Amino acid sequence: MDLGLQNVHVLITGASGGIGLATVRKFLQVGARVTAHYNTKAAPLEPLLSEFGAARIRALQADLTREADVEQLFASAAEGPEGFGPVQVVVINHAYYEARDVPIARMTLEQWESTFSTNLTSSFLVARQFLRGLEKAADHAKEKAAIVLIGSTAGKYGEAGHADYSATKSAMMYGLCLSLKNEIVKIAPKGRVNAIAPGWVKTPMAEESLKDPNVVYRALATTPLKKVATPEDIAGQVVVMSSPSLSGHITGQVLMIEGGMEGRLLNERSDLGL
């Protein structure tokens, strides 16, 4: 099946680990050209760089909390000898999750503001720069325009001890997503914006917690499928949501990928996938 993503330029933030890395591979497998963003770790991307080559993938560093870095990221992604051109699909995947449980009564303003800067303000900067680049793009490039925001079950259900993270994800999944889907069409008439909200995912960040059978029990107690997602489970749906062939009439939606999870036990710890 043709997903309509052949040679489409996709930029993925937080691409060097977990969900991001799996998403890079999925897009490459369906024929897209990928700019893989990383902040501190480029090494996990090296096998993909070797396998697919510079004509299909490039890895670029940026601190997404810095406006100038975001502007340079998109400029570098569009330029270069391989001629990737303007970014047509952006997957906003990066996030920070404080591993310690910190209730609001004990949370510092520094932690709250830092999480918002890292997760939400940076997502605004990425989305804004994407739209600015799209304004200058040719009509044929705009035909494939899409934004996929990676949220979290914590953004829907809340999460005790992690209100900072939950609040940023909720803002992305609802306020930001729903506003962007109304604005993108003024630039690219077929442009779409959707969010994906994972629950528990087997990533390096979740590895230690998932070794504890009590944690696994609490995580899956209200999950009918009784399984923890893999990064590939999430990556596959990101590609589907990005595909104009499969999802060309879907916008402003939040797709929950959490095995049918119910929210009543999420006060323990709902999402270590990002």
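Me: Is Tyr165 buried or exposed, and what is its relative accessible area?
Reply: Happy to start there, keeping in mind that this is a predicted model. A residue counts as buried when its relative accessible area is under 20%. Tyr165 falls below that cut-off and is buried, with a relative accessible area of 1%.

Me: Which kind of aromatic pair do Tyr97 and Tyr165 form?
Reply: The structure holds two aromatic pairs. In the pair of Tyr97 and Tyr165, the ring centres are 4.8 Å apart and the planes stand at 85 degrees. Planes over 60 degrees apart count as edge-to-face, so the pair of Tyr97 and Tyr165 is edge-to-face.

Me: How many residues apart in sequence are the parts that this pair ties together?
Reply: Tyr97 is buried, with a relative accessible area of 5%. Tyr97 lies in the loop between strand 4 and helix 4, while Tyr165 belongs to helix 7. The pair therefore ties together parts whose separation in sequence is 68 residues.

Me: Nice. What share of the contacts in the chain between residues at least 6 apart in sequence joins residues at least 24 apart?
Reply: For some background, the chain has 11 helices and seven strands, and 51% of its 274 residues count as buried. Among contacts between residues at least 6 apart in sequence, the share that joins residues at least 24 apart is 76%.

Me: How many of the residues of strand 5 are buried?
Reply: Let's take the two faces in turn. On one side Ala146, Val148 and Ile150 are buried, and on the other Ile147 and Leu149 are buried. Strand 5 is largely enclosed by the rest of the structure, because its buried residues number five of the five.

Me: Which residue of strand 5 stands opposite Val90?
Reply: Strand 4 and strand 5 run parallel and are joined by four bridges. Leaving aside its neighbours within four places in sequence, Val90 is in contact with residues including Ala146, Ile147 and Val148. The residue of strand 5 that stands opposite Val90 is Ile147.

Me: And in strand 6, which residue is the bridge partner of Leu149?
Reply: Strand 5 and strand 6 also pair in the parallel sense, over five bridges. For Leu149, the bridge partner in strand 6 is Ala195.

Me: How many of the residues of strand 6 are buried?
Reply: Arg192, Asn194, Ile196 and Pro198 point one way from the strand, and Val193, Ala195 and Ala197 point the other way. Residues on both sides are buried. Strand 6 is largely enclosed by the rest of the structure, since the buried count is seven of the seven.

Me: Which residue in strand 7 is the bridge partner of Ile196?
Reply: Strand 6 and strand 7 pair in the parallel sense, with four bridges between them. The strand 7 bridge partner of Ile196 is Leu255.

Me: Which element gives the largest share of the largest nonpolar core?
Reply: This core has 32 residues, of which Val90, Phe130, Ile147 and Leu149 touch the most other members. Elements giving it two or more residues include helix 3, strand 4, strand 5 and helix 7. The largest share, seven residues, comes from helix 4.

Me: What distance does helix 10 reach from its first C-alpha to its last?
Reply: Helix 10 has 12 residues, and 16 Å is expected at 1.5 Å a residue. Its buried residues include Ile234, Val238 and Val239, and the buried residues of helix 10 pack against elements including helix 1, strand 5 and strand 6.

Me: Which residue follows helix 1 with a positive phi?
Reply: Helix 1 has 12 residues, and among its buried ones are Ile19, Val24, Phe27 and Leu28. The phi of the residue after helix 1 is positive, near 100 degrees, and that residue is Gly31.

Me: Last one: how far is the charged end of Arg58 from the centre of the ring of Phe84?
Reply: The charged end of Arg58 sits over the ring of Phe84. Its distance from the ring centre is 4.0 Å.

Technical notes: Residues are numbered from 1 along each chain as its sequence is written. This is a predicted model: local features need pLDDT of at least 70, side-chain atom pairs count only at pLDDT 80 or more; totals for chains, interfaces and linings use all residues. Side-chain values use heavy atoms; hydrogens and water are left out. The expected span of a helix is 1.5 Å times one less than its number of residues. Buried means under 20% relative accessible area, exposed over 50%, partly exposed in between (1.4 Å probe, protein chains only). Contact means heavy atoms within 4.5 Å. Rings of Phe, Tyr and Trp (its six-membered ring) pair if their centres lie within 6.5 Å; planes under 30 degrees apart count as stacked, over 60 as edge-to-face and the rest as tilted. A charge sits over a ring if NZ of Lys or CZ of Arg is within 6 Å of the ring centre and within 35 degrees of the ring normal. Two strands pair if DSSP finds at least two bridges between them. A nonpolar core is a set of buried Ala, Val, Leu, Ile, Met, Phe, Trp, Tyr and Cys residues joined through side-chain atoms within 4.5 Å.
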